[in-house]
Amino acid sequence: MSFQTLPKVELHTHLEGCAPPAFIRGLAAEKKIDISGIFADDGGYAFRDFDHFLQVYEAACTTLQSPEDFRRLTMAVLEETAAHGVVYMETFVSPDFCGGGDLAAWKDYLAAMEDAAQEAEDKLGITLKGIVTGIRHFGPEACKPAAKCAAETFGDFITGYGMAGGEMVGRPADYAYSFDMAREAGIPLTCHAGEWGGATMVAETIRDLKVARIGHGIGAVDDPALIDEILEKDIVLEVCPGSNVVLKAVNGWNSHPIAKLRDAGVKVTVSTDDPPFFHTTMTAEYAMLHQTFGWEEEEFAMLNKTALAAAFCDDATKARVAKRLE
Ligand code: HPA
Ligand code: ZN
């Protein structure tokens, strides 16, 4: 089995976080922005921990200043992702990082992203859909424009609303306004939870934000009653093991809970999150799952089937992508 060529479906990536460091370095040079501090000696991104990662991420985003930058970024990301067998990808994209907070201007960024996605689909056979995303640590008010933007752009290309960023146990309800707005517009929902905040954060997110998918969700493993609820509500976890290992949300691959969650019947999927930041690719994720848990083609086929069923795109796209997985 070639881990690289195996066709794959990936639900949890961040467009800006997929930016190759050389691409960001090039934009910074063009625009004379000094972000040299975010790079390591080997040219990769350098960060100490999750909070510092969020700062480095935000600094990298300061170089993305026009729809043309987004078009080039999308193309670069899809070329890299398609090279690892990914045939369908969903990506989080946030108006809080680029576009200067001007929603009307930011819609041009999304249009440029969609153009590049169409070009990549024709050239590389990879399908991309976008999930407009609020950034939790910027606060509940700051997430409202993203929800409004999701409602206004929801359609063929923007297929969901999500929330990423730092976790605060006890606070998911503060963000209910944004999720309610998106739900009322008929938009599928996902939210990062249980990467840091454990089972409580996952439970509160399910209760207060009523999402169909949870980003990460690994903290759920500690609470059997919550696992029952996840099964009963048919919630899908977007698990990003390599990200969890590098950010030290888990102690290492051997102690990653993905296998336990899967064995408990939870619908798990596998994604890279922010591949160049975490020195990962979908090929590397599959190779590590094989090495650590002995997963074979049968397990990978199930991951992809689960992911495609939980994808936020329309049924015609799903049927088309399903053929690529055969
Ligand atoms: N967690 C929270 N926020 C993020 C992440 C993540 O893994 N990646 C990019 N933003
Ligand atoms: Zn993420």
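This is a predicted model: local features need pLDDT of at least 70, side-chain atom pairs count only at pLDDT 80 or more; totals for chains, interfaces and linings use all residues.

Let me turn to the protein as a whole. Its secondary structure comprises 13 helices and eight strands. The C-alpha trace spans about 50 × 45 × 40 Å along the principal axes. For 326 residues, a compact globule would have a radius of gyration near 20 Å, and the 18 Å of the protein agrees with that. As for burial, 48% of the 326 residues count as buried. Among contacts with a separation of 6 or more, 73% are accounted for by residues 24 or more positions apart.

I close with one helix pair. In general, two packed helices are described by the angle between their axes and the distance between the axes. Helix α5 covers residues 140–153 and helix α6 residues 176–184; they pack at an angle of about 5°, and their axes are 8 Å apart. Angles under 35 degrees count as roughly parallel, and α5 and α6 are therefore roughly parallel to each other. On the side of α5, the contact is made by P140, C143, K144, A147, K148, A150 and A151; α6 contributes Y177, S178, M181 and A182. By class, this contact has eight nonpolar, two charged and one polar residue.

Thank you for your attention.

Conventions:
Residues are numbered from 1 along each chain as its sequence is written. Chains are lettered from A and ligands numbered from 1 in the order in which they are written. Axes are lines fitted to C-alpha atoms, for helices over the stretch in contact, and angles run from 0 to 180 degrees between N-to-C directions. Helices (H or I, at least four residues) and strands (E, at least two) are DSSP runs, numbered from the N terminus. Angles under 35 degrees count as roughly parallel, over 145 as roughly antiparallel, 65 to 115 as roughly perpendicular and the rest as oblique. Two residues are in contact if their C-beta atoms, placed from the backbone, lie within 7 Å. Ala, Val, Leu, Ile, Met, Phe, Trp, Tyr, Cys and Pro count as nonpolar, Asp, Glu, Lys and Arg as charged, and the others, Gly among them, as polar. The radius of gyration is taken over C-alpha atoms; the globule rule is 2.2 Å times the number of residues to the power 0.38. A residue is buried if 20 or more other C-beta atoms lie within 10 Å of its own, exposed if 12 or fewer, and partly exposed in between; C-beta atoms are placed from the backbone.
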